[in-house]
There are 2 protein chains.
Amino acid sequence: MFTLAEENYLKAIFHLEMESEGEVSTNAIAESMDTKPSSVTDMVQKLAEKKLLTYKRYKGVQLTAEGKKVAVNVIRKHRLWEVFLVEKLNFQWDEVHEIAEQLEHIQSEELITRLDKFLGSPDFDPHGDPIPDKHGVLKRTEKKLLSELKKNQSGICVSVKESNGEFLQYLNKKKIAIGVKIYVLGKEFFDGSMVIRVGGEQFFISHKIAENLYVQTQK
Amino acid sequence: MFTLAEENYLKAIFHLEMESEGEVSTNAIAESMDTKPSSVTDMVQKLAEKKLLTYKRYKGVQLTAEGKKVAVNVIRKHRLWEVFLVEKLNFQWDEVHEIAEQLEHIQSEELITRLDKFLGSPDFDPHGDPIPDKHGVLKRTEKKLLSELKKNQSGICVSVKESNGEFLQYLNKKKIAIGVKIYVLGKEFFDGSMVIRVGGEQFFISHKIAENLYVQTQK
DNA sequence: TTTTATTTTTAGTCCTGTCTAAATATAAAG
DNA sequence: CTTTATATTTAGACAGGACTAAAAATAAAA
């Protein structure tokens, strides 16, 4: 269908479009793909020929609906494979990216349909990023502080606000890591402290902790 | 490490070396890979440069130890992925080859180590072909008629001797298919009939049936 | 609004892997 | 032991993707 290089360009451009609205510049693409601007121009012209994006000289590019479809599908595959690697093969969440970069280019609709089912149709990958469904629909998500969640809401840990050794050690001890799902079981009004569940364990955390942890939630 | 094309050539040459002893001819490679002899000559010269095979003009090629190692590793990956596709994703054994052709080129030692473990270190793929271990050691196997097995031996169904509709229907009814493991639980001397186990079921089969079914066994 | 700096594009080259057409070896047949 | 057929190799070309160096636009500064 599409070559490996084409898929990688479309994916990179898609990510850049997410980060900032409007056209994506040649230089931005080159930097994000660790390649030269002249190579980008070449490829971008080919992709424009194929109607996967619109291109105006010196103005940058924008994906067409078709181009987006291809990009999102690659991202879907990438994230599903990451779930497989972590959930089934017990990789750490930070070890899987390179392998998923390869697996995302395997061509077979049926394979992905079955893999998705095998994994229980997950909504998020191990980094907390949402997995598009087979029609390319990306669940809209929002990054908030854990402290902003209400009782009975949940989110996936995606990053920390201020990082310091002791805090990271605390997280480690409590088995809180990127990609881990956190359920808010209860919340006290007067001090903002929470009771949360992480994996099988449930425990108490202070407002100070909850205020230093970013989670991704469905909108 | 090696390119996709290089891996495919080494794999094809390895299979040809298995089929017939001695050097492998340019034309044989071209035919098996559905490419032109001139392309084969080009690639073969590059592989000789890299010491993956020995090449004498007009005489054909032979893999070196290093070349064999690479080829066997690709075959190991191919067969492990086939097991995954059939056992975990519920593909039929005859639907998996194309997908495994792609998956076999994914580069990651660790991935294969873990995949192997996840699958329970299988000895055979769904077609009944043996899976090399991580050191490249291929279990020596032998293809025999089921009727040649003794009590308490087992084999993997790999093909039928004479095919006819009724026989295939019988096999279907009894859930005997390519890749299925058959255990011989008992054997009668006077008529050669057997009691076998296939999956959870155990039942009786006549000598006529046992004589028409090829199984792969460890040597 | 010139001048300068930055971004982007073009032109030409290279490498991989393939092909066709032509040349050369080897094998088979007379 | 020539002639003919077949197998193999070389030479030259091409497509995909990338690069360098130089030219052309655009943006920023004076």
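I started with Lys161(A), which is partly exposed, with 45% relative accessible area. This is a predicted model, so I treat every value as computed from it.

**Entry 1. Lys161(A)**

I looked up where this lysine sits. I then listed its contacts, leaving out residues up to four places away in sequence. Lys161(A) touches Leu145(A), Glu211(A), Asn212(A) and Tyr214(A). I also checked a distance to Glu23(A). Lys161(A) and Glu23(A) are 138 residues apart in sequence, and their C-alpha atoms are 30 Å apart in space.

**Entry 2. Thr26(A)**

Next I turned to a threonine. Thr26(A) belongs to helix 2 of chain A, which covers residues 26-33. Is Thr26(A) buried, partly exposed or exposed? Its relative accessibility is 26%, so Thr26(A) counts as partly exposed. The cut-offs I used are under 20% for buried and over 50% for exposed. Setting aside residues up to four places away in sequence, I found that Thr26(A) touches Pro37(A), Val40(A) and Thr41(A).

**Entry 3. Positive phi**

I looked at two residues with positive phi, one in each chain. Asn90(A) is not a glycine, yet its phi is positive, about 60°. Asn90(A) is in the loop between helix 4 and helix 5 of chain A. Its relative accessibility is 53%, so Asn90(A) counts as exposed.

In chain B I checked Lys51(B). Lys51(B) is not a glycine either, and its phi is positive at about 65°. The loop that holds Lys51(B) runs between helix 3 (37-49) and strand 1 (53-56) of chain B. Lys51(B) is exposed, at 62% relative accessible area.

**Entry 4. Chain A as a whole**

Chain A has eight helices and eight strands. Its C-alpha trace spans about 60 × 40 × 30 Å along the principal axes. Of the 219 residues in chain A, 45% are buried. I also looked at contacts by separation in sequence. Among contacts in chain A with a separation of 6 or more, 62% join residues 24 or more positions apart. Chain A exposes about 12,400 Å², and carbon and sulfur atoms supply 48% of that area.

**Entry 5. Chain A against chain B**

Last, I went through the interface. How many residues of chain A are in contact with chain B? I found 20 residues of chain A in contact with 20 residues of chain B. The two chains bury about 1,600 Å² between them, 74% of it on carbon and sulfur atoms. Leu89(A), Gln102(A) and Arg114(A) supply 32% of the area that chain A buries against chain B, more than any other three residues.

I searched for salt bridges across the interface of chain A and chain B, and the rule finds zero. The rule does find six residue pairs in polar contact across this interface, both residues at pLDDT 80 or more.

Which elements of chain A give two or more residues to the side that touches chain B? They are helix 4 (65-88), helix 5 (97-103) and helix 6 (109-118). Helix 6 of chain A gives the largest share of that side, five residues. I sorted the residues on the chain A side by class: eleven are nonpolar, five polar and four charged.

Definitions and conventions: Residues numbered from 1 in each chain as written. Chains lettered and ligands numbered in written order. Predicted model: local features only at pLDDT ≥ 70, side-chain atom pairs only at ≥ 80, totals over all residues. Heavy atoms only, no water. Contact = heavy atoms within 4.5 Å. Buried area = accessible area lost by both parts, 1.4 Å probe. Salt bridge = Lys/Arg side-chain N within 4 Å of Asp/Glu carboxyl O. Polar contact = N/O pair within 3.5 Å; in protein donor to acceptor, adjacent residues only side chain to side chain. Helix = DSSP H or I, 4+ residues; strand = E, 2+ residues; numbered from the N terminus. Nonpolar A, V, L, I, M, F, W, Y, C, P; charged D, E, K, R; others polar. Buried < 20%, exposed > 50% of the residue type's maximum accessible area, 1.4 Å probe, protein only. Areas by Shrake-Rupley, 256 points an atom, 1.4 Å probe, with all protein chains shown as cover.
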